[in-house]
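User: I want to learn how to read an interface and a ligand site in a model. Can you take me through one, feature by feature?

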Amino acid sequence: MRLCPANLDELRHALATANGRRVPVTGWDLHALGALLEHHPEDMTATAQAGMSLADFQHTLAQAGQWLPLDPPFPKAMTLGALIAGNHSGPRRWGFGTARDWLIGISVVLPDGRLVKSGGKVVKNVAGFDLCKVFVGSHGTLGIIVEATFKVLPLPKAQRILQHICATLEEAGALLERVVGSRLHLDILDLHRLPGSPPTLVMGFGGPQEDVDEQCQALSHLGICQPGDMEYDGLFHKWPHRKCAVMPSALMDTLARLEGCAFVARAGNGVIYHTQGPPAPPATAPSALQQRLKDAFDPHHTLPSL
Amino acid sequence: MNLASTLCVPLAPRLDTSGWVDSLRAIVGAESVLADPKELLAYECDGYTLQRHPPTAVVLPRTTAEVAAVVELCARLNLPIIPRGAGTSLCGGVLAVEGGVMIALTRMNRVLALDVRNRRALVEAGCVNAWVTREAAPHGLCYAPDPSSQPACTIGGNIATNSGGPHTLKYGVTTNHVLGLELVLPDGSVQWLGVTPDGGEDVEGYDLRGALIGSEGMFGVVTRALLRLIPTPTHWRTFLGVFDTVDEASHAVSDIIAAGIVPAALEMMDRLIVSALEEAYHFGFPLDAGAVLIIELDGLPAGLAAQAGVIEALCRGRGAREVRVARDEAERAALWKCRKRAFGAIGRLSPNYVTQDGVVPRSKLPQIMQFIQETSRRHDLRIPNVFHAGDGNIHPLILYDEREPGQVQRALAAGHDILTRCIELGGSVTGEHGIGVEKMDYMALQFTESDLDAMRTLRRVFDPDQRCNPHKMFPGSKRCSDFAVRKQAHA
Ligand SMILES: Cc1cc2nc3c(=O)[nH]c(=O)nc-3n(C[C@H](O)[C@H](O)[C@H](O)COP(=O)(O)OP(=O)(O)OC[C@H]3O[C@@H](n4cnc5c(N)ncnc54)[C@H](O)[C@@H]3O)c2cc1C
């Protein structure tokens with residue numbers, strides 16, 4: 001059963017009813033719960049309903065000169081709920097992490113219809129257990145996220161993206177090591193290889209204009225000065241792909257084993273999105289503790305399984 | 001003489017220790033078990049001294065296997081277990097309310113491995129916070145969360161309380177810097193949660209490591225942790241802004257944040273703190289200032305210069321009479337040393353104090369500081385302040401003298417007023433110190449019964465018997481003070 005509630009009460013009621021009747025809920029459409037609830041630029045926090053798209057959220061923040069520094073592909077199609085449930089991130093992961101790092105408060109409807117919240121609206125808060133982390137990356141298997149509060153940042157005064165096209169993966173790997181070992185302050189550190197294109201290292205950074213100029217100069221000493229952009233990320237993510245994560249130091253060896261396939265790698269983090277390649281390792285069964293968590297919050301398995 | 005110990009009587013008949021203390025000795029060796037009442041006195045409280053209660057026994061294991069065996073024995077005998085680090089908690093987090101076996105990690109204190117390329121450190125849970133950065137510094141790396149207690153507190157304690165520090169304003173708190181950890185669950189089984197020492201950053205399944213961080217020792221015993229290291233900032237500028245009033249300084253903080261500048265640290269100290277620090281360490285603080293701000297920027301040299309001008313202008317715009325810049329690394333280090341020793345200097349002002357840890361939205365700082373001044377007058381107690389202003393995380397230190405009749409009650413009432421006001425202003429009763437036994441009753445003010453129920457559900461996932469660090473966090477838990485009040489009434 002798919003839920004398409006007109007408001008929060010309807011969602012709570014519909015989910016509780018499905019749960020009571022043991023009807024599995026396979027998905028939900030929260031476009032009716034898409035409002036911005038609060039934005040306090042002077043506190044650098046913002047609260048919105050989970051059905052709001054990331055693009056709309058960013059648009060509102062931008063009017064006050066702020067942003068949530070997360071840039072997963074397709075922000076128009078991604079709701080804040082999905083952003084959290086998938087713990088998403090984009091090219092700026094190297095500088096700003098993932099949704100987990102910016103979420104400070106959450107409201108969730110549990111399968112029995114109860115509304116629970118965790119965290120709050122202040123940037124530092126350790127009252128109670130951190131249920132935010134339980135729901136981040138839980139893929140909608142424990143409850144339906146209806147509201148979230150994020151800490152946000154001022155938009156950088158200036159930004160720049162540079163790229164370097166490499167002849168071989170080895171060349172890219174050597175350059176990557178020099179960049180990682182430097183004192184550069186990068187927000188983007190990606191390596192990609194799209195079909196028919198050579199491996200390309202992408203570096204992005206932002207801040208006061210003086211910082212951006214200084215970093216451009218430092219990168220030009222490494223021979224990196226070609227302007228770049230982030231279009232590769234949206235392009236790549238339209239194709240079916242898999243993800244794997246390795247230690248950053250194991251990145252190049254892992255990429256070498258991917259042979260001909262296309263990839264986008266968060267090179268600093270060691271996270272690789274790739275098209276076909278070696279068969280995926282069989283999915284490991286959830287640990288007993290993971291299963292206990294699922295059973296505790298969704299005892300009748302009304303929501304999708306993990 | 002200590003007030004609390006005279007007020008606080010054991011809640012239950014002392015646990016029958018027959019046999020099982022010997023079993024503990026068999027696991028960890030006789031020299032690693034304390035059960036003599038005199039030795040146990042050192043473990044009767046933490047940094048929160050209003051309540052005291054010794055555990056029944058303390059074990060000092062050296063390996064994860066020893067911890068697991070001890071925990072497994074306690075599971076079989078249905079004994080409470082209380083994980084403990086350095087005991088610097090400020091909320092009674094390690095109080096053995098009904099006795100039980102305290103597992104102190106202080107002998108498991110090594111940095112096991114540094115992985116410079118991947119910017120990771122593997123440490124034992126009893127490793128002292130400052131030691132991580134000490135080991136990493138020669139490689140140009142550091143461990144970002146820097147609680148003021150960092151020369152003493154342990155990584156295990158930091159994980160349990162999700163500790164912050166001055167520089168977490170820019171770099172984030174403990175949960176942003178702990179990649180993975182080894183946990184001995186209350187049934188004695190050992191699990192690794194989160195990123196493994198040789199694994200990638202994204203882990204399948206639920207973020208159990210995240211769920212554990214900040215769980216105040218109630219989910220099991222952390223034995224090892226994998227920490228994220230960051231490059232040590234190479235360029236910084238540290239200012240001392242001198243203001244006539246706390247109000248002006250508070251407004252300057254709000255202005256800096258509102259201007260879109262995120263300093264690495266932004267701390268406030270008021271007149272009482274400054275004078276106590278000056279007396280103790282002779283830094284050269286102005287004694288007649290109403291408040292000082294320590295503002296630190298780090299980053300690339302060019303941008304620093306530009307932002308420095310803005311900071312100075314904003315401070316002056318709010319009436320700063322002086323904005324000093326630390327001349328060199330030595331002066332900067334001296335300034336931070338003073339700041340981080342501020343609680344320690346309070347001994348010069350008062351025989352007793354209780355530290356509060358409320359949070360307000362940053363723009364409400366002027367309001368809460370005003371309220372603290374009123375509260376101080378209303379209860380006729382001095383309340384100096386030294387705190388993480390940039391985060392809106394206040395630390396009013398309520399001074400009292402337990403020998404003076406009524407002062408304890410007034411100190412508690414003043415704390416209550418301030419924390420209640422923090423909630424009213426949209427904040428929280430604790431930004432980094434935790435709930436422990438101290439702030440249990442505020443949980444019902446800040447959360448609904450459903451919220452608390454969801455937390456209890458999470459707890460039972462890790463600890464179905466609720467045997468690990470019991471009587472903390474949730475309103476209605478048993479406490480010493482219930483008895484304290486009664487005993488006082490009799491007196
Ligand atoms: C002078 C002073 C300054 C302070 N400044 C700060 C500050 O700036 N920021 C801040 O956040 N805090 C601060 N604190 C509070 C305190 O230092 C922190 O909460 C710290 O993280 C506690 O560490 P600890 O090793 O002393 O833990 P303990 O006090 O021993 O224990 C604290 C909690 O952690 C649990 N615990 C400890 N070890 C483990 C483990 N291995 N596994 C599971 N649970 C465990 C305990 O059960 C308890 O609930 C300060 C305290 C003092 C006295």
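Predicted model: local features only at pLDDT ≥ 70, side-chain atom pairs only at ≥ 80, totals over all residues.

User: Which elements of chain A give two or more residues to the side that touches chain B?

Analyst: The helices are α4 (93-96), α5 (131-135), α6 (169-180), α7 (209-221) and α10 (288-297) of chain A. The strands are β7 (115-119), β9 (153-154) and β14 (242-245) of chain A. Of these, α10(A) has the largest share, with seven residues.

User: What is the make-up of that side of chain A, by residue class?

Analyst: It divides into 27 nonpolar, 13 polar and 18 charged residues.

User: How many salt bridges does the rule find across the interface?

Analyst: The cut-off is a Lys or Arg side-chain nitrogen within 4 Å of an Asp or Glu carboxyl oxygen. Nine pass it between chain A and chain B. One of them joins Lys117(A) to Asp451(B), with 2.8 Å between the closest N and O atoms.

User: How do I read the size of an interface?

Analyst: Interface size is often given as the accessible area lost when the parts come together. Here chain A and chain B bury about 5,900 Å² between them. Carbon and sulfur atoms carry 57% of that. On the chain A side, Lys124(A), Val126(A) and Phe129(A) lose the most area to chain B. Together they make up 16% of what that side buries. By contact count, 58 residues of chain A meet 86 residues of chain B.

User: Now the ligand. How many residues surround it, and which are the closest?

Analyst: Take the shell of residues with a heavy atom within 4 Å. The shell holds 34 residues. The closest are Pro83(B), Thr88(B), Ser89(B), Ser149(B) and Thr154(B). By class, the shell has twelve nonpolar, 19 polar and three charged residues.

User: How much of the ligand does the protein cover?

Analyst: On its own, the ligand has 970 Å² of accessible area, and the protein covers 94% of it.

User: Which elements give two or more residues to the shell?

Analyst: They are β3 (81-84), α6 (155-161) and β10 (221-228), in chain B. Helix α6(B) gives the most, with five residues.

Note on methods:
Residues numbered from 1 in each chain as written. Chains lettered and ligands numbered in written order. Heavy atoms only, no water. Areas by Shrake-Rupley, 256 points an atom, 1.4 Å probe, with all protein chains shown as cover. Helix = DSSP H or I, 4+ residues; strand = E, 2+ residues; numbered from the N terminus. Nonpolar A, V, L, I, M, F, W, Y, C, P; charged D, E, K, R; others polar. Contact = heavy atoms within 4.5 Å. Buried area = accessible area lost by both parts, 1.4 Å probe.
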